[in-house]
Structure formats: structure tokens, C-alpha cells
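Here is a short briefing on one chain. It covers model confidence, a helix pair and the pairing of strands.

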Amino acid sequence: MNNRNPYVNRGLRVLLLAWALLYPSSSNAATITATVDRPTVRAGETVTLSIAIDGANVAQPGLPPIPGFNLVGTGSSFTVDSTRGLAVQTFSYQLATTQPGDFTIPAFQFNVGGQIHTTQPIAVKVVQTAAGTAPSPWFAKIVVPKPQLYVGEISEVQVHLYFQQGTPRQYPQLSADTGFIMGKRGPDAARNPWLKPVQTQATVSNQAFNVVIFKQPMTAVKAGALSLGPATVSLSIPDRTRNTFFGPAEREVRMVAERTTVQVLPLPTDNVPATFAGAVGNFTLGFSAAPTNLAAGDPITARIQIRGRGALESIQLPPQPAWNEFKTYPPTAQIEDTDPNNFLGTKSFEQVVVPERAGLKALPPFAFSFFDPDQRVYRTLTGPPIPLNVAVASGSGSALPNLPGGSNAAPAQPASDLAHIKPHLGALTVQPLLLARPWFLGIQLVPLVIWLGLLLNRKRRERLANDPKLRRRQEVARKVPLALAELRAQAGAKNSEVFFAIVLRLLQEQIGERVDLPANAITEAVVEERLRPAGASKELCASIQEVFQLCNLARYAPVKSREELSAVVPKVEQVLRELQRWEPSRS
Amino acid sequence: MGTVTIVSTRIVAALIAVLFAAGLVRGAAASAASAAAEFDHANKLYEQGKFAEAVSAYEKLALDGVATANVWFNLGNAAYKSGQMGRAIVAYRMAERMTPRDASLRANLQFVRGKIYSDGRTQIPMWKSMLRLATLNEWTVLTVALVWAFFSVLACAEAAGRRYARSALALLFAALLGGMALAAAWQDQNTTNAIIVAKEATVRFGPLEESQAAFQLRDGAELDVLSSKDDWLQVRDPEKRVGWIRRDEVVVLPMVSAARHIGKHATL
């Protein structure tokens with residue numbers, strides 16, 4: 001994450017330094033603040049001391065020895081706060097704790113531009129690590145850089161994921177009190193409320209850890225002790241017990257960061273300016289208006305820009321008591337972020353104001369008040385008065401234009417151009433929803449079923465037309481039951497000649513269909529010539545030959561008895577069934 | 001005024017809840033003659049300029065289960081005349097579900113919407129207006145008819161051994177269009193809307209009284225309901241602004257599906 005090209009970094013640094021030196025802010029007095037990343041640490045862990053110097057450019061100062069801490073690393077960064085017009089140098093010092101106890105990082109003095117600046121001392125509590133316990137190879141915790149906030153103040157919550165190996169799988173799942181408005185701004189905020197994570201390293205109990213820091217902006221909307229957390233984070237680590245083609249498999253480890261509490265203070269109720277509308281942060285004001293030569297009743301567009309650090313989306317324009325001779329309309333607004341953390345940006349308003357009488361000389365100064373949570377005071381910014389030349393309106397009567405959303409666009413008193421009421425009661429037409437009725441949905445299958453039936457029938461006919469063998473098989477299968485019925489009738493009539501003619505014909509048809517020969521060509525010889533080579537069993541061949549011989553015998557010695565004829569029928573049926581079951585081999 | 005609004009809102013809420021839970025089914029119990037007499041009485045109050053009393057009379061009819069399109073229409077007129085824009089919109093939209101092509105109803109609905117904001121921000125998009133020209137059942141019947149016609153052509157083609165490819169394709173296309181319109185109408189009718197019935201309603205950034213105000217809306221503004229939490233609804237206005245509003249400042253439509261989606265507080 002931090003592996004940028006060093007030449008690019010160096011160039012960027014030179015540009016920033018040049019910008020900072022040339023920027024008018026250099027005339028501002030430098031301010032120095034010292035902070036630590038957490039006030040309580042376990043013995044053996046590292047705490048980061050950050051010293052931020054605004055409005056100056058100095059080399060990294062060294063630190064004297066600090067009781068209870070060992071300096072194990074340093075770093076620096078250089079940023080430009082374009083909103084305040086300041087270059088900000090931040091020097092960081094990683095301090096390893098050595099023993100439990102209450103320690104104080106003392107005040108440091110720095111010489112910046114010939115002036116001596118002193119930081120505030122910082123108390124750090126070092127607590128005992130449980131005896132004999134080594135830290136887990138992965139754990140997570142919730143960090144609130146500013147545990148005390150004011151209502152409406154923007155801040156951030158961080159989830160620190162410590163791990164020695166593995167890869168974070170996804171953004172944390174964080175629970176928060178409903179008194180917070182959580183998440184970044186932007187179109188994808190609903191999908192992912194987190195900012196881009198930062199990766200760093202830290203030492204805990206003399207063990208090196210990778211640390212991924214997930215950040216999410218938050219704004220408190222109610223006072224009290226509000227809880228943040230727990231947060232669930234998952235990590236993908238190599239699973240040495242299983243291997244895949246590409247190497248060791250991975251398994252997911254879930255960890256929970258414990259809940260923490262943020263103390264949210266209500267805004268002071270003393271000395272609240274009249275032009276305070278809830279803005280909390282640190283802002284600057286830009287104000288302009290045009291046109292300035294106009295007639296009474298013509299609109300002027302006032303452009304107000306609120307720049308700075310704060311919850312921009314909740315900033316509203318305050319009412320302007322000094323604008324009592326102007327009619328005002330609801331403003332439109334848009335936000336432009338200048339900071340990836342959503343802390344800094346500009347909210348631009350456009351508000352239409354209309355002078356109500358001729359002769360007005362100026363649009364009075366626009367005033368905007370906010371609460372500064374760092375200094376704990378209300379501040380009021382005032383724009384310049386805009387000189388105006390307001391002439392008399394050319395028309396008579398109300399000169400106010402009908403502008404969107406304006407109070408003069410409010411609904412008029414009940415008019416008479418409504419269509420008149422209905423004289424008759426009408427029918428009570430309660431129509432149940434057709435789509436919710438199962439029978440209605442079921443009936444929709446009817447046309448589909450009809451069409452599918454016709455389609456399948458056509459397909460079947462086409463298949464028969466293209467397959468004569470199949471057609472013949474079906475014809476024979478249809479003829480056999482009819483012929484058997486006829487056979488029984490002839491047996492009952494003791495008509496031996498016809499009976500055996502039918503038997504012979506049945507055999508010929510069935511054998512012919514099986515071996516794909518014309519029925520007339522089937523004789524007893526076919527049994528040896530075709531059926532047996534085609535895989536017919538001995539029993540089947542013997543049965544067929546027996547029936548053939550019965551037919552031959554009947555030509556010369558006709559059977560007269562009904563019982564004798566009836567006894568032949570089951571044999572024929574059996575032979576035909578076996579023939580239908582038999583499939584000739586292809587060879 | 002706020003208390004009056006809330007109490008009045010709850011009365012209408014109870015009215016609509018009772019109506020939709022049971023009244024529609026049992027409405028036939030009221031005799032046609034007495035219902036017609038009550039309707040004439042309410043009309044008379046309206047003609048005499050007693051609009052608030054007319055509103056009560058029409059509401060009573062609806063409570064008795066006589067919720068015809070004409071009762072809703074007249075209730076909309078009376079509500080508008082008594083300065084209750086939001087309730088007028090609610091009544092017209094209820095009537096719209098029964099007689100969507102009633103020209104006078106559409107004119108009145110458009111007229112009242114135009115009175116809420118004069119800049120056209122309350123105008124319904126053209127596609128939505130066209131969808132609302134028919135009821136959901138009418139869209140259903142149209143789509144089903146096209147589907148039947150399509151399969152009939154296919155069946156005829158099978159039976160006659162001929163191909164009616166152009167007719168089948170045209171009907172398939174029409175059936176698909178009908179299906180899409182039906183789906184859109186279903187979506188439209190089942191999207192939970194909230195209509196402001198307070199004179200001025202504040203939409204906030206969070207579901208808390210302490211949350212900062214995001215923007216103000218007038219009586220009659222129509223919103224989409226996105227979610228709910230306790231006594232608050234998350235809403236989106238036609239300008240795509242999102243925020244939270246108290247339940248007692250709105251009427252939620254449609255009542256039945258709203259009750260299903262957002263629980264016991266679905267009505268006002």
C-alpha cells in the first residue's frame with residue numbers, strides 16, 4: 001500500500017514544500033499539537049506519538065529519552081490542508097512500552113521560525129499483559145481517535161486488524177448506536193460505508209504484526225454515552241493441513257473487536273448566535289450575489305460556499321435576520337469533497353433572494369455561525385455586504401415571481417376549478433386480484449398444454465413417416481390383439497381352416513416385422529435361416545416351429561374340436577409375446 | 001396544530017385500516033338504500049360549503065364499507081376544499097385504483113398535485129401515468145389474452161400443418177410487452193408510498209427527534225418508502241433526497257401491502 005515510487009514521492013514532497021512556502025498561509029503563526037494513537041496500551045506494545053506542525057516547514061526534531069518508553073521508529077508525512085491554506089507536517093515516533101504503569105510523555109519545545117512552541121504533556125497508561133500469555137496471531141480492536149465528541153461533530157471510528165500472516169477477506173461488520181450517522185459520502189456509500197483501508201506494521205509484546213486500519217466517518221446526532229461495536233472481521237490464512245493445486249488451501253478466521261463507548265456532549269446552550277443552524281466543525285465562508293442592478297421583484301442569486309472540516313451534508317443555511325426586506329427561497333446545495341476521509345470539503349449553496357421594494361442599497365452581509373469543537377466556542381463568519389441598485393418594478397401589483405418552492409408558490413386557497421363531485425354512489429367494485437388466485441394461474445396452462453399436445457402429435461407422426469420399420473412394428477402390434485380376438489371367435493365356431501390361416505398369418509406378420517422381411521416370405525425355414533443366427537433362443541425357435549407344424553398339420557388333418565382349437569390360442573399368444581420381446585442381434 | 005394533525009391523522013389511519021382489513025369484505029352489509037341516502041347527505045353538505053363535515057360524512061360511508069370510487073372521489077374534493085391537500089391526494093389515489101380512466105378524477109388529481117408545488121416536481125412521469133390508466137387486473141387480462149392468442153396461433157399452425165411465423169412473432173412480442181407492463185404495474189402498485197398529511201413535515205437525517213433536519217416537505221408531497229424503524233419511515237422524495245420522517249405525519253399507500261411490509265404502523 002505504501003510502496004510508491006521513491007522518485008515520485010520525492011517530487012511530490014518538493015512540490016508540496018514549494019507550495020507551502022509560497023502560499024500566503026506562511027504568514028500565519030505555526031501551531032504544534034502532539035497526540036498519541038491510544039491512551040492505554042499493554043506492556044510491550046507500541047504507541048505512536050504524532051507531532052503535527054501547521055504552517056511551517058522544519059526538519060524532524062529529535063526526542064529526548066522518555067521514561068517508560070523506548071524509541072523504536074520514526075516517520076514523517078507532509079500534507080496540505082487546502083481549505084485552511086496550510087501546510088501540515090506530521091512527525092511520528094513509535095514508542096515501545098517497557099513496563100506497566102502510568103507514564104507521561106512530557107511537553108516538548110520546538111523552535112519554529114524563531115519562536116518557541118511547547119506541546120502539551122500526554123498521559124499514557126501501560127497495563128500489564130496477562131502472565132504467560134502470548135498475543136494471538138490475529139486479533140482486532142475498535143479504536144476511536146477522539147473518544148469525546150460534540151453532537152454534530154464529524155469524527156471517525158477505526159477497526160485495527162492485527163495479523164502475522166494471511167489476507168483480510170472483507171470489510172468489517174460494525175454495529176453502532178442509532179445515535180450515530182455512520183459511513184462515508186458518495187454514491188457507493190450504501191454498498192460500502194468504509195474508506196480505503198491503510199496498512200502498517202506494529203509490535204505487540206515484542207512480536208511484529210501487520211496492521212490493516214479500516215476507517216469509517218461518523219457523526220453523533222444525540223448526546224450521551226453511545227456504544228460502538230462489536231465489529232466482526234475475517235481473515236484468510238493458509239491452511240497447512242490441506243493443499244490445492246496452487247499450494248496450501250486457505251481457511252477463514254473470524255474475530256470480534258470488542259465494543260467501545262464514545263462520550264457525546266451536547267452543544268453549549270449559552271451564547272448561541274442567532275445565525276447558528278447546527279453546523280459543527282471548523283469552516284470558512286465565501287459569499288457573492290448577482291445581479292446587482294435590478295428592479296424590485298427581480299431575483300438575485302446568492303452564492304454561499306462553506307468550506308472546511310465538518311459534517312457538510314448536515315449543514316443548512318441559517319435564516320438571515322438582516323434580510324428582512326428580501327424574500328428568500330429554499331436554496332439548492334451540492335457538496336465537493338477535498339479529502340478522501342470525507343472530513344474536508346466545500347458545500348455550495350445557491351439561494352434566490354428577491355428585493356421587495358425599490359431603493360435598497362445593499363444585500364446585508366451573510367452571517368454563518370458554527371460551533372468549533374476544538375476550541376469549544378461558537379464562531380460567526382460574515383460575508384461582505386453586496387451593493388445593490390434596485391429600481392422600481394415596471395408592472396403593478398405583486399412583483400414577486402413564482403419561483404420553485406417559494407413561499408409564494410404555496411397552495412392557493414381552495415379553487416373552484418376542481419371537477420365537481422359525483423352525484424351517484426356508484427357500484428362497490430371490489431375486484432380480487434386475479435394474479436393472486438390459483439385457479440386463474442392454473443388455467444393459463446391450458447393453451448400451453450394444447451399446443452404441446454399438438455406439437456408432440458406432429459412430431460410423432462413425422463417420426464413414423466420417416467421410419468417404416470417403426471410404423472410396421474406399430475401396425476403389427478395393433479393387428480395382433482385384433483387377430484387374437486378373431487382367433488378365439490374362430491375357435492368358438494370350430495372353423496379350423498380359417499383359424500389356422502389366421503395363426504399362420506399372425507406368425508408371418510410378427511416374424512416378418514422382427515427380421516425385416518415381407519410377411520409372405522416367412523416360412524418355417526426362416527427359423528433356422530434367420531431367427532437362430534439372429535440370436536433367438538432354442539425354446540423360442542422350438543415354440544415357433546411347433547406352431548408352424550400345427551398349421552401344416554391342420555391342412556391335412558383339420559382339427560374339429562373347439563377345445564383343441566382353444567388350446568392352440570395360448571401357445572400362439574405365448575409365441576407372439578416372446579417374439580415381441582425378442583430383439584434380433586445386428587450381426 | 002401538530003396535535004390536531006396527529007389526532008386527525010390517526011382517525012384517518014383507523015378508518016383506512018378498518019376499511020381494508022374488514023370493511024371491503026363486509027361492505028355489502030350496509031343496505032344500498034341507506035348508503036345512497038348517506039351519500040346524498042354528504043353531497044348536500046359539500047354543496048352547502050360545509051367541507052369539513054362532508055369529509056366526515058364521506059369517511060363514515062367508507063367506514064361502513066361503502067368505499068366506492070365515487071365516495072373516494074368526493075372525499076378527495078371535500079378534503080381539498082377544506083385545505084387538506086395530503087388527504088385529498090390519498091383519496092384520489094384510492095379512487096384511481098378502482099377507476100383509473102375516470103377523466104374527472106385524473107384532472108382533479110393533477111390539479112391538486114399542481115397546487116402543492118407549482119414547479120412541476122410533483123408531476124408523475126409519463127410511463128407511470130400510462131401504467132395507471134388500467135388496473136392491475138386489466139393489465140393481467142390483456143397480457144393473458146395476448147399469451148392465449150400466441151399459443152392459439154401456434155396450435156392452429158400445428159393443426160393445419162402450416163406456419164404462421166409473422167403472426168406468432170407479432171403476438172409473442174405483444175405478449176412480452178404486455179408482460180413487462182404488467183410487471184411494472186405490479187411494481188408500481190406494490191411500491192409503498194407515503195403522502196404527507198401534516199401542514200409542514202421535517203425530513204431528518206436520522207430516525208431521531210434530535211437528528212438534524214435535512215429538508216422540509218409540504219402537505220400532499222408524495223414519497224417512496226424505503227424502510228422503517230420504530231415510529232419513523234425512511235423516505236425518498238421525487239428529487240431523490242433521502243431522509244427519515246415521523247409516521248404520524250404521513251399516510252402510507254397502499255395500505256394492505258404497506259401493512260405487510262412495514263408492520264403495525266403501516267397506516268397513518
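Is the crossing of H5(A) and H7(A) left-handed or right-handed? The crossing is left-handed.

**Helix pair H5(A) and H7(A)**

- Helix H5 spans residues 496-515 of chain A, and helix H7 spans residues 538-556 of chain A.
- Their axes come within 10 Å and cross at roughly 145 degrees.
- H5(A) contributes Ser496(A), Phe500(A), Val503(A), Leu504(A) and Leu507(A) to the contact.
- These meet Ile544(A), Val547(A), Phe548(A), Cys551(A) and Ala554(A) in H7(A).
- By class, the residues of this contact are nine nonpolar, one polar and no charged.

**Confidence**

- Chain A has an average pLDDT of 81, and 85% of the residues score at least 70.
- Among the elements of chain A, helix H1 (residues 6-22) has the lowest mean pLDDT, at 47.
- Strand S28 (residues 367-372) of chain A has the highest, at 92.
- Residues 1-9 of chain A have pLDDT below 50; this stretch has three contacts in the model beyond near neighbours in sequence.
- Residues 395-416 of chain A also have pLDDT below 50, but here there are 32 contacts beyond near neighbours in sequence.
- Where pLDDT is low, predicted coordinates should not be read in detail.

- Strand S12 covers residues 154-163 of chain A.
- Nine of its ten residues are buried, so S12(A) is largely enclosed by the rest of the structure.
- Strand S10 (residues 138-143) of chain A pairs with S12(A) in the antiparallel sense, over six bridges.
- In this pairing, Trp138(A) stands opposite Phe163(A) in S12(A).
- Strand S17 (residues 207-220) of chain A also pairs with S12(A) in the antiparallel sense, over ten bridges.
- Here Ile154(A) has Thr219(A) in S17(A) as its bridge partner.

**Open sheet S2-S9-S6 (chain A)**

- Three strands make up this open sheet, in the order S2-S9-S6, with mixed pairing.
- Strand S2 (40-42) and strand S6 (101-105) of chain A are the edge strands, each pairing on one side only.
- From one strand to the next, the twist averages 30 degrees.
- S6(A) and strand S9 (residues 122-127) of chain A run antiparallel and are joined by five bridges.
- Ile105(A) stands opposite Ile122(A) in S9(A).

Terms used. Residues numbered from 1 in each chain as written. Chains lettered and ligands numbered in written order. Predicted model: local features only at pLDDT ≥ 70, side-chain atom pairs only at ≥ 80, totals over all residues. pLDDT = per-residue confidence, 0-100. Helix = DSSP H or I, 4+ residues; strand = E, 2+ residues; numbered from the N terminus. Contact = placed C-beta atoms within 7 Å. Axes fitted to C-alpha atoms, helices over the stretch in contact; angles between N-to-C directions. Left-handed = near helix turned anticlockwise from the far one by under 90°. Nonpolar A, V, L, I, M, F, W, Y, C, P; charged D, E, K, R; others polar. Buried ≥ 20, exposed ≤ 12 C-beta atoms within 10 Å, placed from the backbone. Pairing = 2+ DSSP bridges.
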